[in-house]
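Subject: Structure handover

Hello,

Please find the structure below, with the sequence alongside. My notes on what was found in it follow.

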Amino acid sequence: MSDDERSQGKTLWNSGRGDPTAFDGLKVPDDLDEIIRRVSKQARAAAAERVKPYQTPVTLATLRYPVK
Amino acid sequence: MHSPKPLEVGPFGAGDELAKLGGSDQATYLRRYLEDLDAATIVTEPYYFDRDYLAELAAFYSLSAHGYPNVCRRLHFFSEAFDRGELERAIANDAAAVLRLRASYLGFVVVRPIPASPLGRTVVRWYHDRDAASAPRIMTPSRDYDCHVAGLRLTVQGLAWQQQDSAVGTCATVALWSMLHSSAIAGYHALPTTAQVTRAAHRTAGSGRRVFPNAGLDIEQLCEAIKEFDLSPVVVPGDIVRDGQVVRFSRERFAASCTAMIRSGFPVLLLGELDGSAHATCAVGFRSSNPPTAARGNVVHHDANVPFIYIHDDNLGPSVRFSISTNDDGVASLRPAAPPRVAATQTPDPTVRYPAFVPSHLVVAVPEDLRTSPDALHVAGLDIATKVSTVLQAVQGSLPGLSMTTRFSPLRDYLRRELDQVLATTPAILGRARLALLEHVPPMSRHVGIVRVGGDAGLQFDVLFDTTDSDAHLPIFAYVVYGSEVLPFVAALIAHDELPRAYVVDATLG
């Protein structure tokens, strides 16, 4: 079996939707360092909120019966 | 002594060997599945000593007053119509006949002499992927199975499934048995029989219940069984919690966790509730989809909207397509959703009346040296992607948000396959990136965790994580940046210690 036949982990990006040129022309501003310093707190807060669904404590004792 | 019998060759259809197994949901599902694969011929081996059944016989059936025989039958299915003469030519190495039979081989079913549950080890070819170009079906856990009929080698790609016999194994045993066949871990252990799986589950996690006839396994027993086979269990609980107890999964968390592991080649045990009872199945593939649209400055999970997941369910059959939906409370549930039919037959669909399955936990077997949990990789990846997206938004407010996906991969496969999928059209950059990863990055672990970040504007960068440390300390080996516009922003965030420090591989066109 070839890799292609198993569709090994392929990821779809930009399959005809959105704007494939969205980042074209994106320039590095002269004050990038200042921008990063200014938004860092906001970025960290946004990240902390975004990861919450993946921080559930692992608990096992929730299935009351053996699975059969 | 069993009396010799000839191989049988006959047409697929009413009155065939599959029909003799009765009208169970599993037999009916297999009939429809094979009809849609355009099955035309069945070759029956009248005697087949099956390793799994022999272990079941030794563990349980040999002591029964019923007098179970020790031999099975094996049915082979082909999409070509042919007769015994064609089979004889193939067995005699006639090249054209060999080619014809191999090309039309659809898989096999081992028929156990257990009247109530005859369907033993079964591997059938996947349906043709009609959406391979736009939204490919991801079935990385599948592997090749070679069968030999009188010296004729036949190969089918899939993952083994079987019906539970409710004596040596229940749904949990056969789901775990299927999982242990996966391509990603098959090289780490000898393939256990169902009897070995059930015994392993009871060895260190005794429940007080008898081993055989088996009445089901607890989640702790499933985890202990995985450890008995020199692998490590990864448990992913649902994220919807009430009164301190995991209740269910949100759609994103369920889809993200399953797809991360299936992309990595690891099948996923789904534990949850089916019509009021606990049930276990094994997820073996999914249908990819475009990522959701990311609002400006935000990050979406690339796989949050995958529509279908393919499940080995011992109540139904192999690779049953289930749709992922949510109820009013945001709880994810799975319902069978058969694909459009290919054949024009009237065989009923046994999945129509099947109730919704509501998963609450996922369990995955991984190699012991892969210590990073999918949750830790998601947290690290979303953290990085969100910070990059926030800064991009601050620089240019019209930019779209980003999407992110995760997976684990042997390092060799990342270097060979993953990079090739992205950079195959630019061989000079491909070579430069591969060499940079080997010559400028500290020695990497056997498996790497991959966070892949992109969006409507295409793939932007990968982050490669060390998988041999604890979740509390998740070192990054390297950033591999494909988007030339994004490269300076990633570098600046690293310089400001807003992203973890690691080598940046320039894989941009610029």
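Domain bounds, as used here, come from an automatic or database domain assignment. The model itself is predicted.

Domains of chain B

For chain B, the assignment gives domain 1 (8–367) and domain 2 (374–506). The C-alpha centres of domain 1 and domain 2 of chain B are 34 Å apart. Where they meet, 19 residues of domain 1 of chain B are in contact with 22 residues of domain 2 of chain B. On the domain 1 side, strand S9 (231–237), helix H8 (251–263) and strand S14 (299–301) of chain B each supply at least two residues. H8(B) gives the most to that side, with 5 residues. By class, the domain 1 side has 10 nonpolar, 6 polar and 3 charged residues.

The five-stranded sheet

Chain B has an open sheet of 5 strands in the order S1-S2-S3-S4-S5, with antiparallel pairing. Strand S1 (8–11) and S5 of chain B are the edge strands, and each pairs on one side only. On average, neighbouring strands of this sheet are turned by 20° against each other, direction ignored. S1(B) is joined to strand S2 (residues 41–48) of chain B by 4 bridges, and these two strands run antiparallel. In this pairing, B:Val9 has B:Val43 in S2(B) as its bridge partner.

Helix H1 (residues 25–36) of chain B lies across S3, S4 and S5 of chain B, and runs at about 20° to S5(B). How does the span of H1(B) compare with what its 12 residues should give? At 1.5 Å a residue they should span 16 Å, and the end C-alpha atoms of H1(B) are 16 Å apart, which agrees. The expected figure is 1.5 Å times one less than the number of residues.

Buried residues of H1(B) include B:Tyr29, B:Leu30, B:Arg31 and B:Arg32. Their cover includes S3, S4, S5 and strand S16 (317–326) of chain B. After H1(B) comes B:Asp38, which has a positive phi near 70°.

In H2(B), the buried residues include B:Asp52, B:Tyr53 and B:Leu57. What covers the buried residues of H2(B) includes S3, strand S4 (105–111), strand S5 (119–124) and helix H6 (194–203) of chain B.

B:Ser62 is found in the loop between helix H2 (51–59) and strand S3 (72–78) of chain B. Is B:Ser62 buried or exposed? B:Ser62 is exposed, because 12 other C-beta atoms lie within 10 Å, and a residue counts as exposed at 12 or fewer. B:Ser62 and B:Asp243 are 181 residues apart in sequence, and their C-alpha atoms are 48 Å apart in space.

A hairpin in chain B

Strand S7 (residues 143–149) and strand S8 (residues 152–158) of chain B run antiparallel and are joined by 7 bridges. B:Arg143 has B:Gly158 in S8(B) as its bridge partner. The hairpin of S7(B) and S8(B) has 2 residues between the strands, and B:Ala150 takes a positive phi near 50° in this hairpin.

Chain A and its contact with chain B

The secondary structure of chain A comes to 1 helix and 0 strands. Chain A has 68 residues, of which 25% count as buried. In the contact between the chains, 48 residues of chain A meet 72 residues of chain B. The side of chain A that touches chain B has 25 nonpolar, 14 polar and 9 charged residues.

Regards

Technical notes:
Residues numbered from 1 in each chain as written. Chains lettered and ligands numbered in written order. Predicted model: local features only at pLDDT ≥ 70, side-chain atom pairs only at ≥ 80, totals over all residues. Buried ≥ 20, exposed ≤ 12 C-beta atoms within 10 Å, placed from the backbone. Contact = placed C-beta atoms within 7 Å. Nonpolar A, V, L, I, M, F, W, Y, C, P; charged D, E, K, R; others polar. Pairing = 2+ DSSP bridges. Axes fitted to C-alpha atoms, helices over the stretch in contact; angles between N-to-C directions.
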